[in-house]
Protein chains: 4
Amino acid sequence: MPTASRHAFVHRLPMRSPDDVSALATAIAQGTIAPAGIVAILGKTEGNGCVNDFTRAFAVRSLEALLGRHLASDAVRQIAMVMSGGTEGALSPHMIVFEAREADNDTPRAHAKSLALGRARTPELASEHLGRMPQVEQVAAGVQVAMADAGITDPADVHYVQVKCPLLTMERIEAAEARGQRTAVRDTLKSMGFSRGASALGVAVALGELASSDLSDQMICADYARYSERAATSGGVELLDHEILVAGMSADWTGPLAIDHAVMADGIDTEPARAALARLGLNVAGQVPAAERGRIAAVLAKAEAAQSGRVRGHRHTMLDDSDVSSTRHARAFVGGALAGLFGFTDLFVSGGAEHQGPDGGGPVAVIARRD
Amino acid sequence: MPTASRHAFVHRLPMRSPDDVSALATAIAQGTIAPAGIVAILGKTEGNGCVNDFTRAFAVRSLEALLGRHLASDAVRQIAMVMSGGTEGALSPHMIVFEAREADNDTPRAHAKSLALGRARTPELASEHLGRMPQVEQVAAGVQVAMADAGITDPADVHYVQVKCPLLTMERIEAAEARGQRTAVRDTLKSMGFSRGASALGVAVALGELASSDLSDQMICADYARYSERAATSGGVELLDHEILVAGMSADWTGPLAIDHAVMADGIDTEPARAALARLGLNVAGQVPAAERGRIAAVLAKAEAAQSGRVRGHRHTMLDDSDVSSTRHARAFVGGALAGLFGFTDLFVSGGAEHQGPDGGGPVAVIARRD
Amino acid sequence: MPTASRHAFVHRLPMRSPDDVSALATAIAQGTIAPAGIVAILGKTEGNGCVNDFTRAFAVRSLEALLGRHLASDAVRQIAMVMSGGTEGALSPHMIVFEAREADNDTPRAHAKSLALGRARTPELASEHLGRMPQVEQVAAGVQVAMADAGITDPADVHYVQVKCPLLTMERIEAAEARGQRTAVRDTLKSMGFSRGASALGVAVALGELASSDLSDQMICADYARYSERAATSGGVELLDHEILVAGMSADWTGPLAIDHAVMADGIDTEPARAALARLGLNVAGQVPAAERGRIAAVLAKAEAAQSGRVRGHRHTMLDDSDVSSTRHARAFVGGALAGLFGFTDLFVSGGAEHQGPDGGGPVAVIARRD
Amino acid sequence: MPTASRHAFVHRLPMRSPDDVSALATAIAQGTIAPAGIVAILGKTEGNGCVNDFTRAFAVRSLEALLGRHLASDAVRQIAMVMSGGTEGALSPHMIVFEAREADNDTPRAHAKSLALGRARTPELASEHLGRMPQVEQVAAGVQVAMADAGITDPADVHYVQVKCPLLTMERIEAAEARGQRTAVRDTLKSMGFSRGASALGVAVALGELASSDLSDQMICADYARYSERAATSGGVELLDHEILVAGMSADWTGPLAIDHAVMADGIDTEPARAALARLGLNVAGQVPAAERGRIAAVLAKAEAAQSGRVRGHRHTMLDDSDVSSTRHARAFVGGALAGLFGFTDLFVSGGAEHQGPDGGGPVAVIARRD
């Protein structure tokens with residue numbers, strides 16, 4: 001087997017509050033995690049995951065403060081930090097730290113390919129391009145850069161693409177209009193959906209799931225039959241470009257970790273995730289038994305309420321509940337379904353799944369340690 | 001085999017709104033359900049399941065209006081109607097109609113025992129006895145009457161006991177105090193928990209799960225290590241006595257339906273329910289496949305947030321969420337876990353599980369058609 | 001003075017729950033209210049006032065059941081029943097019963113004009129006309145019929161027009177499309193706003209506040225600088241036409257009651273309401289003193305969160321709160337502001353104020369007894 | 001008149017988000033505020049004001065980061081920072097910066113007394129003393145120290161006492177029990193109420209509103225007829241002692257600012273606040289007119305839902321709403337009532353008013369500039 005140059009580590013750490021970075025601080029102090037190797041940090045924080053969820057920014061601020069004590073501020077800015085609000089039901093607040101180290105080539109490699117990580121940032125997106133084909137194409141190009149960074153050439157080796165994408169604010173809309181341009185939407189909340197949707201379609205194009213020539217502005221956030229099975233996108237007000245993390249399999253990387261993915265057709269469709277586990281070497285009949293749970297490094301899933309108002313023919317009430325947002329309902333319920341399979345609750349289940357899996361369903365990626 | 005005298009039917013019917021009784025009206029019109037045979041109706045309605053949930057009363061009013069067109073008002077009052085609010089996540093509003101008919105003894109019976117239903121009402125409970133040992137004993141006696149009504153002699157044949165119990169209002173508290181008595185609590189909301197808890201312990205005593213002599217007033221809603229594995233209790237302001245429904249197995253009943261139960265040790269402990277399914281003849285490795293789902297007549301479960309604040313060592317945030325009640329979180333999450341096993345969403349998952357299963361877990365009863 | 005033919009009475013009755021009609025039952029039993037004279041019943045019920053608020057339907061069902069014991073079902077259907085959900089803050093659930101009796105002409109009349117009530121129903125609205133100019137015109141025509149019914153000829157004598165208007169359901173949209181028509185919106189929730197907005201503009205046209213020729217389809221739910229100062233509109237799934245109640249002043253009516261109105265420019269603009277009180281003969285410097293409160297028969301107001309996100313230059317957070325709907329915030333806050341003036345809390349403050357007063361403000365009508 | 005040594009300034013600054021300290025940064029940059037003179041910062045942040053409100057800590061962290069660039073960390077810690085979550089209705093997020101400067105004795109003083117500020121910290125409170133008489137006495141002693149710091153000798157000159165008090169955590173309870181002590185409560189959320197209540201009674205004792213000898217452990221959070229008219233207390237997990245800010249009138253201070261207070265008997269009792277305004281030289285009949293609003297430096301009020309379930313005899317639904325906490329309802333509603341009087345929305349209305357004003361009412365303090 002050829003020599004690998006890198007080795008990916010994935011650390012799942014608990015959080016006692018949105019600003020609790022003590023587990024990461026301990027891991028750094030003990031040498032378990034080297035700050036310079038951190039590629040990305042994904043976190044589930046305990047806010048409502050909607051507009052007025054300040055737990056995400058609070059967590060990022062706290063991570064930046066901690067890492068700023070170990071790294072130059074430029075290096076801190078390089079780390080993709082994606083906080084997803086909402087730990088409904090018994091979902092447990094946690095962070096997933098993705099770390100890359102140089103491969104130790106004294107140990108012979110046991111696997112032809114291993115978990116590979118790559119990242120990229122796109123140029124800044126013009127506001128009038130948000131939610132339209134130019135965003136799709138810009139993200140598609142960015143994913144290819146991230147794939148190259150990960151050492152992945154075959155799109156089939158990509159199993160998870162996390163994109164943090166910009167959104168419109170009133171100032172940005174007005175600036176575009178001052179330039180004589182019109183944005184896709186004027187509603188700033190809706191712009192988040194359009195940005196997530198176009199970004200997801202960009203992933204689909206980069207991975208060959210969809211052809212750019214088959215897509216159009218009109219389809220974005222309208223024709224949900226077109227989607228990526230491997231995209232997870234989320235919007236943030238703090239950036240104007242896109243921050244992309246690709247996770248897949250590559251011969252350039254070594255180590256026991258591997259990643260695979262599945263698509264849930266609806267909110268209770270857990271069998272595809274079971275099949276992904278099997279492909280990762282974990283054959284389970286019922287729930288993953290306690291002895292095997294330690295092999296699962298991370299579960300990354302998207303949840304949403306079916307627009308049809310039904311799950312397998314039965315009415316759900318998530319879209320009609322004016323007290324609790326449907327995204328909160330969906331995370332709790334899908335979190336329960338997945339926890340019933342995996343046997344633990346610190347699962348990265350996030351909402352807002354436009355063009356990410358079919359209506360009411362969504363992608364699930366699993367990272368596991370092979371024997 | 002001895003001749004059976006009765007035959008139980010269980011109908012799971014959808015509801016389009018809290019007052020939608022059209023599916024039941026159709027079933028009556030088509031002769032699928034005979035109003036005179038209805039023993040009990042359990043319903044999941046789409047309110048918040050908490051104090052200001054008026055969907056329960058609205059549903060009961062609508063059922064009474066429909067049944068009042070077919071039965072005398074006395075006969076309507078005989079039917080136990082237990083509405084449970086809260087269809088969080090993708091849980092689906094529905095009602096479960098329990099019907100008893102005379103056995104058709106021309107058809108030879110295929111099973112030694114079949115699903116048996118029995119009901120009872122206790123005397124009115126003095127307000128000062130609520131949440132104390134006299135309530136435990138009164139419910140225990142009532143359960144024995146309902147068992148006799150069901151033709152069940154061995155407590156091991158009982159798998160589900162639904163108790164609707166009274167609660168305290170300010171008027172009732174003051175009336176007790178005027179008689180020189182003190183109630184267990186003066187907080188009317190808390191009185192619901194005490195009534196549910198004492199009722200559940202009453203079930204445990206009747207079924208021999210606990211001995212009355214080992215219990216005391218002090219343990220009620222305090223020592224949650226003592227619980228019933230088969231009780232499901234809920235409070236209602238409209239009654240002063242207890243309305244009890246027992247479901248079990250009896251040679252006095254015939255038909256393909258059978259009931260079994262399991263106890264979830266925590267909110268994701270679905271394997272015991274899988275084992276119960278197997279005992280009912282449904283052996284499934286992953287999710288119940290579509291072809292077999294029709295055999296499952298009803299799933300009746302209790303959900304609650306663990307007071308420990310943890311599920312298998314991981315922190316949950318349900319008890320700290322001041323925007324969404326922990327009971328809503330728990331129903332959504334446990335509903336997802338159970339739907340992941342059963343493959344459908346019209347599951348009767350209710351909250352408020354004092355002394356009903358262990359902290360954070362709860363009983364699950366399954367009624368299924370045998371081949 | 002000419003002889004009056006009618007005399008209006010207004011009864012403000014408390015509700016202990018959405019289905020509590022006991023105060024009305026008592027008033028009927030005591031002869032205080034004659035069922036045959038009831039023109040309309042407006043109610044504030046304690047649901048969330050949003051999509052899944054079933055307290056409105058529960059209240060209507062209970063009123064129908066009560067009135068059905070006194071009137072033929074046709075006569076019950078004639079009574080306009082408009083339930084508004086949401087008693088946030090200390091707003092108090094109540095109903096306002098509008099009753100018309102024959103004038104007692106033995107008593108000389110003290111006032112040239114008195115509170116006058118009129119009602120009308122329009123033809124059924126084609127779904128493709130909802131939220132468009134044909135609805136504006138249909139409502140305008142209906143208001144004129146109701147004015148005639150009230151004996152009001154001068155639009156300046158109209159102070160309050162309540163319109164209950166239809167909304168779109170998926171079935172109605174599909175039926176329109178099957179006829180080759182396109183509806184103004186396909187989102188059923190949004191159709192409520194469009195129907196309320198077009199109805200309010202219809203009131204404005206009927207009252208001469210706006211000219212139909214200055215309006216267009218494009219302005220509806222877009223140009224909020226155009227509005228009625230006297231409209232209060234609400235949508236209901238149960239009707240296809242419009243149910244209109246006009247309240248104003250007419251020489252055809254006698255009695256001490258009079259109505260006036262004001263427009264709040266924003267959510268704390270209570271001084272115009274104070275001026276309206278003065279025009280009704282109630283001059284108050286601070287809060288209406290206890291001794292005078294009994295003279296106020298009803299306060300009918302609309303509340304909403306300013307789309308600008310500001311009140312007098314200061315940011316509000318109502319539109320960004322994903323836990324509590326902005327309509328709930330607005331009712332609580334405007335309810336507090338008005339209660340601070342009027343000195344009591346059973347105020348009819350409702351939400352959803354498209355084209356009803358300026359952005360963030362709204363109309364207030366006051367009915368008071370003159371000395 | 002004797003020479004004053006100090007001069008208090010009060011700055012009301014807007015916040016665009018919980019971590020927005022830009023207005024304070026600008027004021028410091030422009031020399032409007034001298035960081036070294038800051039005595040206290042009170043802030044209204046836009047969280048839910050309940051258990052899982054992280055906007056308070058996020059705001060404090062952001063203030064500390066800003067002030068840490070101007071002051072030594074010890075000096076930052078000296079500043080009392082009290083964030084109150086919840087800007088319901090149109091209440092506007094803002095901070096109130098209290099600053100003390102040396103008096104400029106070249107300008108002759110226009111008033112015998114002016115706004116005076118004093119602060120104190122108590123010793124650490126033993127956990128078993130929380131919610132009991134020793135806490136009452138400790139706070140009473142602390143208030144006297146803060147009064148001395150403010151140069152106030154007559155308790156009648158004190159108009160507002162803000163106390164930030166500790167709460168119990170499971171660790172603190174267990175530590176007390178390990179010492180053989182029992183805490184007043186074991187429920188950590190309830191401990192906040194007990195700490196607030198005992199602290200408020202401590203203020204009452206210090207100000208001579210109540211006598212310590214008339215109080216007992218049993219009365220704390222039970223006998224709400226005993227209360228302070230000038231206390232505002234809030235709990236925080238980050239301290240073990242008490243942080244006390246006293247605001248009153250003293251000859252030791254100069255400048256145009258003065259403070260007075262009133263007590264609302266219920267949530268709509270705005271007339272006492274109007275009288276306080278008059279005592280401060282602002283005589284208004286209706287709403288404070290725009291031209292006078294600039295004279296009002298700060299409004300500090302407490303809001304809560306009446307436990308009686310009624311306001312002036314009319315039922316409110318705040319205590320029965322399981323979707324929205326009663327504290328959120330109360331702040332929105334009382335905020336509306338006060339904004340209707342004062343004419344602006346950046347009012348410091350906070351919840352949790354045990355022993356602070358009568359049941360359902362609460363204290364209001366007003367700081368205004370005299371002519």
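Tutor: Gladly! Let us begin with a term: a salt bridge is a side-chain nitrogen of Lys or Arg within 4 Å of a carboxyl oxygen of Asp or Glu. Keep in mind that this is a predicted model.

Student: Which residue of chain B meets the side chain of Arg61(C) in a salt bridge?

Tutor: The N to O distance for this pair is 2.8 Å, and the cut-off is 4 Å. The partner of Arg61(C) is Asp19(B).

Student: How many salt bridges are counted between chain C and chain B?

Tutor: The pair Arg61(C) and Asp19(B) is a salt bridge. By class, the side of chain C that touches chain B has four nonpolar, three polar and four charged residues. The count of salt bridges between these chains is two.

Student: What area do chain C and chain B bury between them?

Tutor: In this interface, 11 residues of chain C are in contact with 10 residues of chain B. On the side of chain C, Phe54(C), Phe58(C) and Arg61(C) lose the most area, together 59% of what that side buries. Carbon and sulfur atoms hold 68% of the buried total, which is about 880 Å².

Student: What area is buried between chain B and chain A?

Tutor: Here 42 residues of chain B are in contact with 42 residues of chain A. In chain B, His314(B), Arg315(B) and Phe333(B) lose the most area to chain A, together 20% of what that side buries. Carbon and sulfur atoms give 52% of the buried area, and the total is about 3,200 Å².

Student: Which element gives the largest share of the side of chain B that touches chain A?

Tutor: The rule finds 24 residue pairs in polar contact across this interface. The elements of chain B that give two or more residues to this side are α7 (271-279), β13 (314-315) and α9 (326-342). The largest share is nine residues, and it comes from α9(B).

Student: Does Ser234(A) count as buried or exposed?

Tutor: UniProt, in an unreviewed entry, lists Ser234(A) among the residues for "binding site". Ser234(A) lies in strand β7 of chain A, and the residues it touches include Val82(A), Gln162(A) and Arg196(A). Buried means under 20% relative accessible area. At 19% relative accessibility, Ser234(A) therefore counts as buried.

Student: Where is Gly351(A) found?

Tutor: Gly351(A) is also on the UniProt "binding site" list. Leaving aside neighbours within four places in sequence, Gly351(A) is in contact with Lys302(A), Ala303(A) and Arg331(A). Its relative accessibility is 18%, so Gly351(A) counts as buried. Gly351(A) is found in the loop between β14 (348-350) and β15 (362-369) of chain A.

Student: What distance separates the C-alpha atoms of Ala231(D) and Val163(D)?

Tutor: Ala231(D) lies in strand β7 of chain D, and at 1% relative accessibility this residue counts as buried. Ala231(D) touches residues that include Val161(D), Ala200(D) and Pro363(D). Although Ala231(D) and Val163(D) are 68 residues apart along the chain, their C-alpha atoms are separated by 7.6 Å.

How values were computed
Residues are numbered from 1 along each chain as its sequence is written. Chains are lettered from A and ligands numbered from 1 in the order in which they are written. This is a predicted model: local features need pLDDT of at least 70, side-chain atom pairs count only at pLDDT 80 or more; totals for chains, interfaces and linings use all residues. Side-chain values use heavy atoms; hydrogens and water are left out. UniProt positions are given in the numbering used here, feature names are shortened, and annotations may be inferred rather than shown by experiment. Helices (H or I, at least four residues) and strands (E, at least two) are DSSP runs, numbered from the N terminus. Buried means under 20% relative accessible area, exposed over 50%, partly exposed in between (1.4 Å probe, protein chains only). Contact means heavy atoms within 4.5 Å. Buried area is the accessible area (1.4 Å probe) that two parts lose on being put together, summed over both. Ala, Val, Leu, Ile, Met, Phe, Trp, Tyr, Cys and Pro count as nonpolar, Asp, Glu, Lys and Arg as charged, and the others, Gly among them, as polar. A polar contact is a pair of N or O atoms within 3.5 Å; within protein, one must be able to donate a hydrogen and the other to accept it, and residues adjacent in sequence count only if both atoms are side-chain atoms.
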